[in-house]
Amino acid sequence: MSKSSTQGFLRQGSILALTSIIVRLIGLIYRIPLANIIGDEGNGIYSAAFEIYSILLIISSYGMPMAVSKMVSGKLVSHRFRDIRNILKCSLIFCACTGGAAALFVFFGSDMLEHVFFSKYRGIAIPLKILAPTIFIVAIMGVLRGFFQGFGTMMPTSVSQIIEQIVNAIVSIFAAYFLIIRHSADIFMPAYGAAGGTLGTCIGAISGLIFLIFIMAVFKIVIDAKVKRDHHSHFMADKEIFRLILWTVIPIVLSQTVYNISGIIDITIFNNVLGSKGLSAKTISTWQGIYSTKYRLLVSVPIAISTAFASSMIPSLVKSFTENDLKTCHDKVDLTVKFNMLVAIPSAFGLAALSYPIIRLLFPASDYVMGGRMLILGSSCVIFYALSTVTSSVLQSIDRMNVPVINALISLGVHIVLVLLLLYLTPLGVYALVIGNVTYPLLVCILNAISVKKYLGLTQEMKKTFLIPVVVSVFMTVICLAVYALFKLLTHTLIIPVLLSVLVSVIVFFAGVLKLKVLDKNELYQLPFGRTIYSKAVRFGLMR
């Protein structure tokens, strides 16, 4: 693989990964006061509303960024700019229709959705009504993000995500606080608090869309100039483009739907099974709130980074596959998986090691024991979701669009049976969801790995990608726990021991992988601040 080819997708992947870290950190920071304002019951309602919102968003348009990126990058290889402009136009029309229909369905069907899926909850329809227009906004925004990603630039997506999340954070906190105070005597007070959080999501999405429209207006000048010089495009009727969109987006949407529908299925099963066992609606909602806010929110931070690298890889991989350059395809996939594991593996070990203090520090008003146990039991899902996301993107990039869907469906079937058995036959309660959240992506990983080897002829390198990071992570965990215990004893606080142990863990892990030559100089340069890291590594004798 050429150095420039490597730098292209890795640099863009690093930009999007760094953005994902910033966005997730902002999300984590604002969700702490939000969670404390609306309480565990409000968080349960908030997460349940978001599960329905996520499914409708996925069905209507969630696959569009990846689909548009794939279509645009495919046409870009042959400089067919007129086709690219038509793809953008038809994609916007497509998402305006599907996103608009889904938004109307959620708004007018919110009471029905609450009754059908969450009969034990009260008030989910309130935040759902506020989330409804967000589906339409995000659908349009997804097309624009996919368009820019197809050109190999992640900067518009990155900036829009940061703007969206900052506005989301500010509005969510103030709106939730205001609505809780306003409806303090109402039996639906937790639902109104959750609605404040969803209002932030809506206003944040509007802000991100405004920024992307501005960038598109500027970029349109460049596209129009290239269209005038385009002598490569063949006339594509709108009907042909819509057919291409459907054939591209349907497998992606199905795959994403199967991936994410496991969440709403889990909540529905959990709600009904534990309700049949006599648990109160408040207890069920509280447990669900802890699971969604304390466990899934924390594990989602490193998982988002894997999604960023997977998204950035698609245009580059499509180009190499179109040119029948399998060697470059193998190198890109191998390197993307390695970078993902260098984030996912230590993150999983770190979350498990510091589970209780992290929950106590971030959510002091909540049940940190239950949240901590969930992190210990389920932090390994970070590794499996990272792997399954990348391998699904690989299969979609090489035109094996249906394979991830089939693999996800098989895994979902096993997952449903397992969660049902655990809830009915064991006293695990909410921990059954945590176990299912680990086994589901694990099975997807295994099936996807078999498919990638079959269709791309790739067997992932093991030593530097998995074995060494795991060994170093074990050593890192021992040091992390020792540092935490020492400074907890010295300071009798939480924040200083947690921050110091995290900082030391990061240094120990990356010092270990550099010393053991997991990354070479060129690979390191593609990381944010990679050149600075390399110079420091040479100074301390970790690299040559």
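Student: Which residues of helix 16 are buried?
Tutor: This is a predicted model, and in it the buried residues of helix 16 are Pro497, Val498, Ser501, Ser505, Val508, Phe509, Gly512, Val513 and Leu514.

Student: How far apart are the end C-alpha atoms of that helix, and what span should we expect?
Tutor: Helix 16 runs over residues 495-515, which is 21 residues. At 1.5 Å a residue it should span 30 Å, and its end C-alpha atoms are 30 Å apart, so the two agree.

Student: What follows helix 16?
Tutor: Lys517 follows it, and the phi of Lys517 is positive, near 60°.

Student: OK, zooming out. How many helices and strands are there in the protein?
Tutor: There are 18 helices and 0 strands.

Student: And how much of the protein counts as buried?
Tutor: Of its 544 residues, 57% count as buried.

Student: What about contacts, how many join residues at least 24 apart?
Tutor: Take the contacts between residues at least 6 apart in sequence: 82% of them join residues at least 24 apart.

Student: Switching to the surface. Which residues form a nonpolar patch there?
Tutor: Leu18, Ile21, Ile22, Leu25 and Ile29 form one, and together they have about 390 Å² of accessible area. Leu18 lies in helix 1, which covers residues 3-62.

Student: Why does Leu18 count as partly exposed?
Tutor: Its relative accessibility is 33%.

Student: Now rings! How many aromatic pairs are found in the whole structure?
Tutor: The search finds 10. One of them is Tyr46 with Phe50: the ring centres are 4.9 Å apart and the planes are at 45°, so that pair is tilted.

Student: Where are Tyr46 and Phe50 in helix 1, relative to each other?
Tutor: They are 4 residues apart in helix 1, so about one helical turn separates them.

Student: Buried or exposed, those two?
Tutor: Tyr46 is buried, and Phe50 is buried as well.

Student: What kind of pair do Phe107 and Phe108 make?
Tutor: Their ring centres are 5.1 Å apart and their planes are at 85°, so this one is edge-to-face. Phe107 is partly exposed, with a relative accessible area of 35%, while Phe108 is exposed, at 68%.

Student: Which residues form an aromatic cluster?
Tutor: Phe147, Phe148, Phe151 and Phe219 form one.

Student: Last topic: how many salt bridges are there in the whole structure?
Tutor: The search finds 2. In one, the side chains of Lys129 and Asp111 meet, at 3.6 Å from N to O. That pair links distant parts of the chain, with Lys129 in helix 4 (residues 125-150) and Asp111 in helix 3 (residues 81-117), 18 residues apart.

Student: How accessible is Lys129?
Tutor: Its relative accessibility is 30%, so Lys129 counts as partly exposed.

Student: Which residue forms a salt bridge with Glu164?
Tutor: Arg145 does, and the closest N and O atoms are 2.8 Å apart. This pair also links distant parts of the chain: Glu164 sits in helix 5 (residues 155-182) and Arg145 in helix 4, 19 residues apart.

Student: Are Glu164 and Arg145 buried or exposed?
Tutor: Both Glu164 and Arg145 are buried.

Note on methods. Residues are numbered from 1 along each chain as its sequence is written. This is a predicted model: local features need pLDDT of at least 70, side-chain atom pairs count only at pLDDT 80 or more; totals for chains, interfaces and linings use all residues. Side-chain values use heavy atoms; hydrogens and water are left out. Helices (H or I, at least four residues) and strands (E, at least two) are DSSP runs, numbered from the N terminus. The expected span of a helix is 1.5 Å times one less than its number of residues. Buried means under 20% relative accessible area, exposed over 50%, partly exposed in between (1.4 Å probe, protein chains only). Patches are made of residues with over 30% relative accessible area and no salt bridge: like charges are joined within 9 Å, nonpolar side chains (Val, Leu, Ile, Met, Phe, Trp, Tyr) within 5 Å. Accessible areas come from the Shrake-Rupley method with a 1.4 Å probe; for residues, only the protein chains shown count as cover. A salt bridge is a side-chain nitrogen of Lys or Arg within 4 Å of a carboxyl oxygen of Asp or Glu. Rings of Phe, Tyr and Trp (its six-membered ring) pair if their centres lie within 6.5 Å; planes under 30 degrees apart count as stacked, over 60 as edge-to-face and the rest as tilted. Contact means heavy atoms within 4.5 Å.
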